[in-house]
Amino acid sequence: MLVRARGLTKRFEDFTAVAGIDFDLYRGEAFGFLGPNGAGKSSTMRMIGCVSPPTSGELAILGLDPVRDGSAIRARLGVVPQEDTLDVELTVRENLLVYGRYFGLPRKVIRERTAALLDFVQLADRAADKVDPLSGGLKRRLTIARSLINEPEILILDEPTTGLDPQARHVVWDRLFRLKQRGVTLILTTHYMDEAEQLCDRLVVMDHGRFAAEGSPRDLIARYCSPEVLELRFDPELHEQAGDKLKDFPAERAELLADRILLYVTDGDEALAAVRETGLEPLTSLVRRGTLEDVFLHLTGRRLED
Amino acid sequence: MSSAASRMLPPTGRMLPPAGRLGRLRRAGTDAGSLRLIERHARAYRHAWLVFASGVFEPLLYLLSLGLGLGVLIGKVPGPGGRLVPYREFVAPGLLAVSSMNGAMYDSTFNVFFRLKYAKLYDAILATPIRPAQLALGEIGWALIRGAIYAVAFTLVMLALGLVHSPWAVLAVPGAVLIGFAFAAVGMAGTTYMKSWQDFDYVILASMPLFLFSATFYPLSVYPRPLQVIIECTPLYQGVVLLRDLVLGAPGPGLLWRAAYLAALGLAGLLVTGRRLARLLLV
Ligand SMILES: Nc1ncnc2c1ncn2[C@@H]1O[C@H](COP(=O)(O)OP(=O)(O)OP(=O)(O)O)[C@@H](O)[C@H]1O
Ligand SMILES: [Mg+2]
């Protein structure tokens with residue numbers, strides 16, 4: 001077991017960001033943290049990264065205590081923080097060289113790894129450029145390359161692909177998948193359900209500092225979602241009103257989003273016909289299968305019955 | 001120098017390495033962490049070598065204008081032990097002391113604040129095995145290396161201008177580094193309490209009077225006695241006298257006290273800085 005947490009808690013003054021969570025992470029798996037803004041994902045990542053002492057509870061990383069042995073643990077971690085912390089006074093290549101030195105690696109080893117890593121994230125042609133003018137996506141890729149300079153056993157990625165274009169995201173997914181194949185353990189947070197579905201073996205949905213659910217993406221969909229989902233979009237004027245009306249609709253569950261109403265049902269077409277019979281006429285409608293996003297909305301969103 | 005100094009430090013910060021002999025050994029092994037930061041700065045300044053070089057010229061310009069220019073009008077003033085010395089010989093060591101203070105303060109306040117709050121440099125580094133106390137030590141070590149280079153350059157110019165008459169002047173370089181140590185450590189400790197750039201007015205508020213009144217430009221004897229006592233308590237005055245006694249070849253036992261005073265200030269600043277960085281960054 002690589003990481004073990006029991007009753008892990010983080011408080012800032014009297015605000016509780018992480019409210020006693022339990023989890024175990026095993027070697028070689030990819031573990032995801034989903035959750036709305038402020039759920040406590042980054043706070044958890046920082047505790048695992050040994051840059052934030054837990055307020056209470058137990059936490060063991062690689063069998064060590066993060067407060068006492070933080071330095072030794074960090075030597076074996078790779079970290080991609082939510083906000084880039086690249087060294088803007090240095091070039092792309094120098095960022096990797098200098099970062100490797102922070103780990104006390106010999107220069108020769110760092111030089112070899114730097115060349116390989118720049119290829120790995122497709123930045124070799126920008127090696128001599130300053131970091132500052134790079135686009136957000138390129139900076140993100142450099143941050144990922146930097147986190148790998150010490151060949152970490154555990155890679156902690158806090159929203160690794162936020163702000164990337166679709167191509168760049170696929171590049172990052174591919175790279176992360178390859179790392180996983182090589183046996184690197186991934187811990188990641190994300191707001192993208194497709195990313196979680198693609199990369200994570202197991203995931204937790206976090207809300208208000210607690211776990212609302214945990215399991216594999218497939219489990220979660222089976223457990224928290226109906227076979228089909230009917231998406232309805234009404235005239236904005238009628239949106240609230242339609243929501244009220246559909247409250248008592250015989251669906252498994254209904255979800256009122258800012259722009260759409262989702263009905264969780266067994267048969268989408270049947271449900272659409274039934275909606276029309278109540279006299280409501282949606283501007284657009286769509287019947288689709290349940291996804292992880294529905295699970296997320298169910299667990300953390302606003303429900304009609306609220 | 002930096003790893004020796006770090007072994008003297010009690011553990012700081014909340015992220016402590018393991019206690020006991022094994023822990024101490026491991027600490028000693030990774031104390032190179034502060035050297036890594038110095039390496040990083042050396043690399044970063046390769047892209048800004050002009051900024052680096054300008055530090056050599058600033059005190060030299062002062063020396064030319066005040067020492068050689070103003071010195072022609074002033075003639076002789078009482079130096080160490082009341083002995084009359086030409087003004088340019090009097091003012092030169094004072095300028096070395098002042099520029100050591102200014103250089104150290106600049107590095108440890110503006111630059112450190114920028115790295116702390118804007119560049120997020122320390123956040124990046126603390127994700128690696130490096131610890132907060134090593135960060136503090138590395139920053140101060142860097143300020144000292146820079147200060148030493150400038151002090152050597154300045155001392156050589158004094159020599160070339162015939163302002164040095166004693167072999168004791170060799171010790172002016174470590175003396176200047178000691179002044180740099182005291183001000184860099186205290187300045188950096190203060191910086192960890194700063195919230196915004198406005199707070200830097202306090203740095204100017206503190207260093208400006210020191211710069212002007214620490215017997216840098218004229219002897220302490222011009223002041224009334226009560227004022228003299230206050231000035232004698234300031235670190236820059238002690239530094240000025242330290243360097244002046246050395247360069248003009250009149251060292252006494254007081255020199256050791258002055259050096260001890262500056263070293264104590266520096267160590268205190270270093271300790272506070274290590275603790276504060278841990279508290280600010282490891283939240
Ligand atoms: N240093 C801090 N001091 C005070 N409060 C903090 C601090 N860091 C985080 N918080 C609070 O803790 C809560 C959880 O923050 P956290 O960054 O862990 O959320 P998150 O799940 O990562 O959100 P996001 O998806 O927006 O990144 C937030 O309400 C935040 O305001
Ligand atoms: Mg976050």
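**View 1. Lining of the second largest cavity, with 8 nonpolar, 2 polar and 2 charged residues.** The model is predicted. The cavity holds about 70 Å³ of space. Chain A supplies Thr85(A), Leu86(A), Asp87(A), Leu90(A), Asn95(A), Val98(A), Tyr99(A), Tyr102(A) and Arg146(A) to the lining. Leu121(B), Ala124(B) and Ile125(B) line it from chain B. Two elements give two or more residues each: α3 (92–102) of chain A and α6 (121–126) of chain B. α3(A) gives the most, with 4 residues. Across the structure, the count is 7 cavities of 30 Å³ or more.

**View 2. A stacked aromatic pair in chain B, Phe110(B) with Trp197(B).** Such a pair is described by the distance of the ring centres and the angle of the planes. Here the centres of Phe110(B) and Trp197(B) are 6.3 Å apart. Their planes meet at 15°, so the pair counts as stacked, the cut-off being under 30 degrees. Phe110(B) sits in helix α5 (residues 87–118) of chain B. Trp197(B) is in the loop between α8 (172–191) and α9 (200–213) of chain B. The two residues are 87 apart, and the pair links distant parts of the chain. The whole structure has 24 aromatic pairs over all chains.

**View 3. A salt bridge in chain A between Glu151(A) and Arg113(A).** The side chains meet at 3.5 Å, N to O. Glu151(A) lies in the loop between α5 (136–147) and β6 (154–158) of chain A. Arg113(A) belongs to helix α4 (residues 107–120) of chain A. The pair therefore ties together parts that are 38 residues apart in sequence. A search over all chains finds 30 salt bridges.

**View 4. A nonpolar surface patch on chain B, about 470 Å².** Phe57(B), Leu61(B), Leu64(B), Leu68(B) and Leu161(B) make the patch. Of these, Phe57(B) is placed in helix α4 (residues 49–74) of chain B.

How values were computed: Residues are numbered from 1 along each chain as its sequence is written. Chains are lettered from A and ligands numbered from 1 in the order in which they are written. This is a predicted model: local features need pLDDT of at least 70, side-chain atom pairs count only at pLDDT 80 or more; totals for chains, interfaces and linings use all residues. Side-chain values use heavy atoms; hydrogens and water are left out. Patches are made of residues with over 30% relative accessible area and no salt bridge: like charges are joined within 9 Å, nonpolar side chains (Val, Leu, Ile, Met, Phe, Trp, Tyr) within 5 Å. Accessible areas come from the Shrake-Rupley method with a 1.4 Å probe; for residues, only the protein chains shown count as cover. A salt bridge is a side-chain nitrogen of Lys or Arg within 4 Å of a carboxyl oxygen of Asp or Glu. On a 1 Å grid over the protein atoms alone, a cavity is a set of points where a 1.4 Å probe fits but cannot get out, and a pocket is an open set with protein on both sides within 12 Å along at least five of seven lines; lining residues have an atom within 4 Å of a point. Grid points are joined across faces, edges and corners, and a volume is the space filled by probe spheres set on the points. Ala, Val, Leu, Ile, Met, Phe, Trp, Tyr, Cys and Pro count as nonpolar, Asp, Glu, Lys and Arg as charged, and the others, Gly among them, as polar. Rings of Phe, Tyr and Trp (its six-membered ring) pair if their centres lie within 6.5 Å; planes under 30 degrees apart count as stacked, over 60 as edge-to-face and the rest as tilted.
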